[in-house]
Structures are given as structure tokens and as C-alpha cells.
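Dear colleague,

Please find below the structure that I am handing over to you, followed by an account of what was found in it. I would be grateful if you could read the two side by side.

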Amino acid sequence: MRRFPKYVNAGRALMARIGVFICHCGENIGRTVDCPAAAAEAAKLPGVVLSLDYKYMCSDPGQQMINKAIAEKLLTGAVVAACSPRMHERTFRSAAAQAGLNPYLLEMANVREHCSWVHSERAAATAKANDLIRVMVEKVRRNKALFPIRVPVEPTALVVGGGIAGIQAALDIAAGGGKVVLVERSPSIGGHMARLSETFPTLDCSQCILTPRMVEAASHPDIRLMTYSEVEAVEGFVGSFEVTVRRKARYVDPEKCTGCGDCFNKCPLKKIPSEFDAGLGSRRAIYVPFPQAVPNKPVIDAANCTMLTKGKCGLCAKVCARGAIDYKDQDRLEKVKAGAVVLAAGFELWDHSAYGEYGGGRLKDVIDGFAFERLASASGPTGGEIRRPSDGSEPKTVVFIQCCGSRDDKKGKGYCSKICCMYTAKHAMLYRHKVHDGRAVVFYMDVRAAGKGYEEFVRRAIEADGAEYVRGRVSRVYRRRDGKLVVKGADTLVGRPMTVEADLVVLADAMVPRRGAEKLAQLFGVGCDTDGFYSEAHPKLRPVETAAAGVFLAGACQAPKDIPDSVAQASAAAAKALGLFAKPELEREPVIARVNKNLCVHCRACINACPYGAAKDFEIKDRAGKLLRVVAEVNEGLCQGCGTCAAVCRSNSVDLDGFSDEQVCAQIAALE
Amino acid sequence: MTFEPRITAFVCNWCTYAGADLTGTSRLSYAPNIRIVKLPCTGRIDPLFVLKAFEGGADAVLISGCHPGDCHYASGNYHARRRWSLFRKLLAFTGIDENRVFFSWVSAAEGQKFANLVNKVTEQVRAAGPFGERNLARRRL
Amino acid sequence: MSGAIGAMRADAAKLLSEGAVKLVLGYCVRGNERYPCFISEAAQAEALDFDQSCRQNLAAYLRKPEVRGRAPLAVVSSPAVCRSLLVLSSESQIRENEVRALAIGPKGYGGILGLGALGAWLKADYPDLVPEQALLDRVAELSAKTAQERAKFWMKEFEKCTRCYACRAACPGCYCERCIVEKNMPQWISSAAAGHGNYAWEVIRAFHQAGRCTGCGACEAACPQGLPLMLLNARLSQDAFEEFGSRPGYELEAKPLIGSWSAEDDGSFIR
């Protein structure tokens, strides 16, 4: 329900009784504009019942003057000719509201910034001030009382993505008293961070710092996990989104399953490459992605399970003492209500096969950073020993190639992926800790180690751990008959070509948005930049918000980020969500578009043009429910008030409150 | 009496209006021939506004908003750009040429640019002369 | 052409006798001229005819409630009419199951085509329907003159307009229930048949067709005062094509030209 404040009048019902208040702003306006003359001129305008000038309108006595005039003269509108409305519109509108005049019946004529401060000739400036005042009087005469749009807020946040950013946002929101639904598309939360061995610049073990948080998120009474689930559709708007989530068939009833592991130990399909281990290890067709997974309940991979593809096997169902296996399980759609959304869709690595000369994808011993993480991880497929994927031997020389796809707008991406300098230094360091007689060679373009303790970390890799840093690009990597990888590059500091015989090559691939991230953005009305990263509302001042009200960003879906930055942004997003939840209702500026449904012919121009998806089809039905016509309608929760719809409507069936056709037309006409 | 052009400007609230505010706070001066009508976004500016301005006595119309990519409403200025690129040609074809309709992107930081713009437009319109009582688009008073 | 007309008549009769449509919109001969006609009996199909003089755009009738109420219907459709049908479909004014085209043009008869099949027929036989060269030459000639001369030219032409709105009635794109020219709160366009009201009407009417005009010429043909409206339409179509590759009426579902945008749109005129 909207609450209607009791104002003296609703504006247009009465004959216009407009008050004009001209401010001298000390000398700022008065020096150039003849304010008493302007007041006298304004008094002659039709509908103006009062016209005053005063030294400081924004001062307490000035505001009192306005209040008194509203009360005594029963004003239906007011024009304050003073500074820019960006400066004091709020001040004067609050004053008007206090005196009982709907605040949207007061307008400001900008006679300072747009007049007295930019013109010096008194006659011309006064003439212009007269014009500006007349224009605003004509506008105000047509202003309607407007009421802030109030939207009830559902104090639940939908967090999309269960990586470190999503987990952090969920925990912070829950700690602040909000409820959270955390949607993750893979069977377990944890994201990429769960795959890391140790983390820069402190080398603490990723699992050790992450898994407690995963468990905390899962066990928190106000956080609901929806793993193996994806957002399917979004309706509604800030304060009351209604999100449809597809809960993919797990074929294992999580209520019955105890996580004992009998099923996946018995599954005969042993050779399926593990996504978690970057293909270096394998998993079964029924599996938990990694031992510390949350929830620690298996799912069946429908594409590989022979029971699901061919109807043969059924072993897991036989061994499950709890009868948790259900081969007839199906995807379900579930609706979730949320007041705010945090998108933490994460990233993936660029497909380095575009760099054919590096042999990535063709040569087994040319791997990406995640594969190296899994080799170095104590819980990885090699138990933490660095081994060549091709023959399992210990590599004696490892070449790390940085900027693989980053900073290359021809074949890769124009941007810097920001984390690769650091993790490459970490890789070189970890390798040297594990293989003492090994040689780590790093080819780099520039080392960008801006961050607390980062530069020191890179220096440590070079000075204490003996990583050989070579400034230059690698032109080619090929495999010799004896299995050695020959890396041909250049050392640009000494200016000569360089060849390294390596056993393993690690490519520091660019960070790119997750596949499907763009589709997710579209569902929520969030824009993407040319690289597919989510666009923030303002690059400096609103780095967490998006153009869609109530949708916030966390982590690498917005731009390449390391863990500390992702966590910081996630906490910021959580604070934004909690800020929304702090009040039971949202209040929004009532400058929104409206469709005259009697005139709309449903050409859909406005629906196509609306940047917010606020203009939608609306079916007019009779009482029996029979469809009469389809027209356009503007959702007042989504509309931000740009007015693009009004300008593309050929029949002028769409109008914008606060900047209506009537108001603008009158303003233009007043300039004659 | 010398001819003083009357220029009606339609500007967006977030960039050009704020840019013009900055011109003021920086105390840069410009020709007093311009009258600003503030709108939320250039996307709101209907071609009818322009015709109405000419009809009512404007010698020129200036339309200004946020630079591409900076629109407060994400894409309102792109919608405007496409609209104007065709509409201005139609106006030119029917006799209202580029001395009468001006377009500019002025950000909230470009106070100097706004001052220069107004001066330049004013000079150009002054040189072009009055819009003309005989032009069909002008109301005969 | 006579074979094509025979086939078209046969198809119209078949659709009506089978009850697949209730009404066929076509042209018939009276005296030496061809007029739009509406037939509802198979036997009347013999009266149908078509040639290059059929410039009335039959798609303009489709929004009229008395015609629409008798859907499903078939429309004898020249290539320009086919394009109008697709524009109307893009703008959700007609639906696939309501209208079928009896597609006919200089290259022969295309058969009974649903809206979904029109695009393919057009692209195969009439891929670049552009304004006639003679018209483009006139546009170029006028464009080459000075602004003052152009203003003078149009002043003379627009002053002739009596505001009968025959152009609007003839145009399939003018389907608003309340035309902008009839709006009075505020009155953007004066309704007096003179001066600035005429200018605003002609310019806005043309601009409202930007990216939508299919060049059928029905507006100009309908104008009792002989205003060269196609000069405006052709100039706009040419600009829309050159700048944005706009070719309205070739796709079943197309984004409107005005109401969509691209970051690559030309902005060189914005300083």
C-alpha cells in the first residue's frame, strides 16, 4: 500500500497559486542579476500570487519565508530562483513538504551557476534570469503532486556463485541479519579457490582457510545452499525479485544420503577426467568433486552413467544401504523470493589453444595454472608431488610463460589479468620448494606486483628461491623426440634469442568470464563490457552496484581479481544488500514513465528501447478473463525514469512523471 | 539593433547540466543567449521538442548529454544519437541546416567545454542570421 | 503475367471455398483502373487482378477493426505490401495465423505465403527493393541545393497541404489509434492547415516512418494536393540504409531502427 502524506492540496485541483522566491545568494546572484526587478517581473506572470526576493533563501529565515507563504497564500506551486537544483533542490523540497506542499510541486530556476556566475552584463543576465524563472513557473503550473514509490523489501539475498566471493557475501549478509539463498551450479561450493594449493603472498594452504568457511556457510541457519542449481528466470525488481532456479537432477536423495562413499567406491566407471583436478586425475560417474566438498553428497553425472544412458549397471543403487539412489530423478524448478541479488559468477581460464605455437592442448606437458595448482596440492592427483602429466617423471626444468592471452588484443585479450604475475611467482616458488635441484624459468612482459606484500613476494621468489626471470616473449614451444620441450624465446634485456630445454611448461592464461555469464547478466538486466565482464554502475563511485537496482557484484565476474580483492568486494556487496534490508520499504524517486493504456497500440517500440526491461507487455482482459488487447506497461519498480520510452512512442502514449510532455512543451513555449 | 540569437538547449540532468553547473562554479563566462531546458536524459528528447522550439522563436537548438558509455541510464544517449543522426538529416533536407541544430557530448567535468560550446554555437548562429520569419517551421506572430 | 493472375485467382478461390480465410483483400478492375476490393465468396475471385498500377497498400486495411474482425484473411501482396506485412508483424500488429499473402510481383506469382515465408520470397526475388532511380535522382538534386533553396521548395509544397490526412490513411505504418497530430494536451502540432503546423506534420509523419517505410508510395499516390512525399521518405530510407543498413520488411521479427542502438553508430556529428 502506498501511504499518502497529507498535503494541503494535490496541486492541479485548484487554480494555480504560485509563489516565486528569488535568492540574492549574498552578492553571488544579486551582483549580476537585478533580483528586485526580477521579482517584480515574476509577479506579473499569470498564476503567480507572490514574488519575493531575499538575501539567502536557503538560510533558516529564507526557508521560513517559503513555509509561511505556502501556508498563508495556499500555494499550489513554488519556484525558487537560486543556485543549481543539484545544490539545494532537496533542501527546498523538504521545506515545502514541511509546510504541507507536495515537494514535487517546487522547482528551482538555476540563476546562479547558469546565469549570474557566467554572465557579467547586468541587463542580459537579468533578462535571462527572467526567462529562466518564467520557464519554471510554466513548468510548475503543470506539475503534479508525486509520491515516492515505496516497495516492500524481502530481506533475503540471492547470491549467485558459490566461490569465495559468493561464500563471503553470504556469510556477511547472514551475519548482518539477512537471509541468504546461495545458488551454485556445480555439485559443491568452494569454486576455484578450493582447487588452489597455497595462496600468495603468505603461502597459507587454500583448503585450510576456505573449507571452514564452506562448512560455516552450509551450517548457518540463515543460509540456504542450492548446489547443482542454476538461475533460470528472473522476475520482479529491487526489493522483491522472484527468481526461478533450476535444481538439476542429482539422482541421489541428499536427505537419505549419509555421504558414506560406498556408491562411488563401487562405480565401475573409473576413467572420467576430473574437472576439479583439471583433467589430471579421474573420477567416477557417481562422484563428489573433491573430498572436502560441501555438501559432501555425491551426484550422478548423467552423461557418463551407463545406467542413465543405456539402462545397464545399477551398482550404486545396490550398494547404497540407505536407498538414496533414484535413477528417475528429474530437474525441478523452484521459485525464490529475494530483495537483493549478489552476482558472483566467477571466471575461467582463457582457452590457450589460440596460441598454437605454445602447444597448449596438443602437448601433454604444456599445462595451465590450475593444472599446476592441482599438481602442487597435497590433496591433488599426485599427492602434492610435481610430476609430468605425460610420463609421471619429476620435471627438472619448468618454464612459466606469463601473459598467455592477456595484454594481447590481437589474438587474446587486451586487458591485464592481474593475478598471473603473483601466482606464477608462487608456482615457481612452490616448485623450487618441492624440487630442490629443479630450474624454474619465468618469461614475463612486466612484473605487476602491486599489492600488500606482493612485490616482496616476487623478490623472494627470485632472490631466495632462485627463480630465473627472463623479460621477453616466447615465440614457440615444441616437443623433441626425447620428450623434452624446447622453448624458444628472447631475452629482451640483453637483446638475444634464448632457448630453454624444459620438462614442463606452465601457461599463465588470461582470466575470462565464465561461460554463460553473459546470459546470467541478461536475466538480471546487468550490462557486460566488451570482454564480457559485468559492468558496474560507475567505475569509481559505484563499483559494487550495477545498472540494475538491487543487483550487486562480487569477485572476478566484474574484472580479474585476486582473493583479497574478491573478498573485499563481496563484503562490500553484502553491505549494500544489508543496507537495502535495513528498512522494511524502499523509497524511490517517483520520476517514472507511465503508459496511457487507452491509446497504446502495442507497437513495442518502448519495450524494445527500455534500458531496464521495465516496459513490458500487458494483457487487458475482461472480467471473464478473455483477452481483449495487449498493450505496453511500465513496471514502476524497474523504471529508472530516463524517458527514452516516451521519446520513441509515436502516438505519445508514454509520458514521464516530472518531465511530462505538457511540462516540457510549456517550458519551450515560455521561451518565446 | 544587432541580432541576438535565441538558443534553446535540451540537456541531460547528469552530464551536461552538471557540466554547465561546473562552468558556473569555475566562473567561466559565456554568451547569455542560451536557455537550458533540463531533462533526465538525452533519450527523453523527442524530435517534437526541437520543432516546438523553432516554432516558438528559437534561432537554434542545442542538444547535449553524456559521452558514449557514460549515460546514467546506460543507453539513453545511444538511443538519442541514432535518433538525431537521421532526424538532423531530415531537418537539413527540409531547410533547417547544421547552423540551426547542434549536438555535443559534455560531461559533468567539462565546464570549459560547455562555455566554449555555447560561445561557438552563438557565434555560428549570429553569423547565420535569424532563423527567419519566413521559414515555414516558425509560427507567424 | 496472365498466368500469374490466373494462379492467384485460383488460390484465392481455393482459400475461400476451403474456409481457410474469410476474406481476400485484392484489386479488381473498374473501367480502366484498378481498385482495392474485398471478396468473401470463391466465385468473386475471378474479378481479382493485379498490375503495376496497384499502388494502394492493402496492408493499411489490416489494422481496421472491421477488416481485422474477419481474420483469417489473405492479402494480394506486391513486394512492397509483403514488406509492410513484415513490418506490421515485427511491431506485433498482425499475427502469423491471421494473415496470409498471395504474393505477386513483376517476377510472377509466389503462391500462398504465410508471414514466416515472406522474407525468403522477398530475398530471393526482390533482394534490394530500393527507391527508383528517378526518385533518388530527384532527392539528390534537391539535396545539392542550398538550405535556403530547400526551405523555399518545401515551403511551397507544404503550404499546399490541406491536412486531409489521406497520406496517413493510405500508409500501413500509420496505425496509431490517436495520431500525434490529434494530441491536444499538449498540442505539439498545430492542426491549422498552414504554416508551422504543416511543416511539423510533414516532417514528423516522415520521421515516424524512419526504418519502417517500405517505399510503397501509397501516401504520395493518395495525396490530393500532389505533395512529393516520397522525396522525404526516400531520403530517410536512403540515410537509414547507408548509416544503419536498415532494410525494413525483410524479417519476421526485427528490432525497430529507432528504439535500438549500437555502440558503433556514427557520432561524428556530435561535437
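The contact between chain C and chain B takes 45 residues from chain C and 40 residues from chain B, where contact means heavy atoms within 4.5 Å. Please note that this is a predicted model, in which local features need pLDDT of at least 70 and side-chain atom pairs count only at pLDDT 80 or more, while totals for chains, interfaces and linings use all residues. Residues are numbered from 1 along each chain as its sequence is written, chains are lettered from A and ligands numbered from 1 in the order in which they are written, and side-chain values use heavy atoms, with hydrogens and water left out.

Chains C and B

The size of an interface is often given as the accessible area lost when the parts come together. Chain C and chain B bury about 4000 Å² between them, and 68% of this lies on carbon and sulfur atoms; buried area is the accessible area (1.4 Å probe) that two parts lose on being put together, summed over both. Across this interface the rule finds 2 salt bridges, a salt bridge being a side-chain nitrogen of Lys or Arg within 4 Å of a carboxyl oxygen of Asp or Glu. C:Asp265 forms a salt bridge with B:Arg82, with the closest N and O atoms 2.9 Å apart. There are also 18 residue pairs in polar contact across the interface of chain C and chain B, both residues being at pLDDT 80 or more. A polar contact is a pair of N or O atoms within 3.5 Å; within protein, one must be able to donate a hydrogen and the other to accept it, and residues adjacent in sequence count only if both atoms are side-chain atoms.

Chains A and C

Here 18 residues of chain A are in contact with 19 residues of chain C. Chain A and chain C bury about 1800 Å² between them, 57% of it on carbon and sulfur atoms. On the side of chain A, the residues that lose the most area to chain C are A:Val601, A:Asn608 and A:Arg650, together 37% of what that side buries. The rule finds 2 salt bridges across the interface of chain A and chain C. C:Lys183 forms a salt bridge with A:Asp661, the closest N and O atoms being 3.3 Å apart. Between chain A and chain C, 8 residue pairs are in polar contact, both at pLDDT 80 or more.

Aromatic rings

Rings of Phe, Tyr and Trp (its six-membered ring) pair if their centres lie within 6.5 Å; planes under 30 degrees apart count as stacked, over 60 as edge-to-face and the rest as tilted. By this rule the count comes to 26 aromatic pairs over all chains. B:Phe10 and B:Phe49 form a tilted pair, at 5.8 Å centre to centre and with 45 degrees between the planes. Both B:Phe10 and B:Phe49 are buried (under 20% relative accessible area, with exposed over 50% and partly exposed in between; 1.4 Å probe, protein chains only). C:Phe38 and C:Tyr61 form an edge-to-face pair, 5.1 Å centre to centre with 85 degrees between the planes. C:Phe38 is partly exposed, at a relative accessible area of 37%. Ring pairs also link B:Trp84, B:Phe87, B:Phe103, C:Phe207 and C:Phe269 into a cluster.

Yours sincerely
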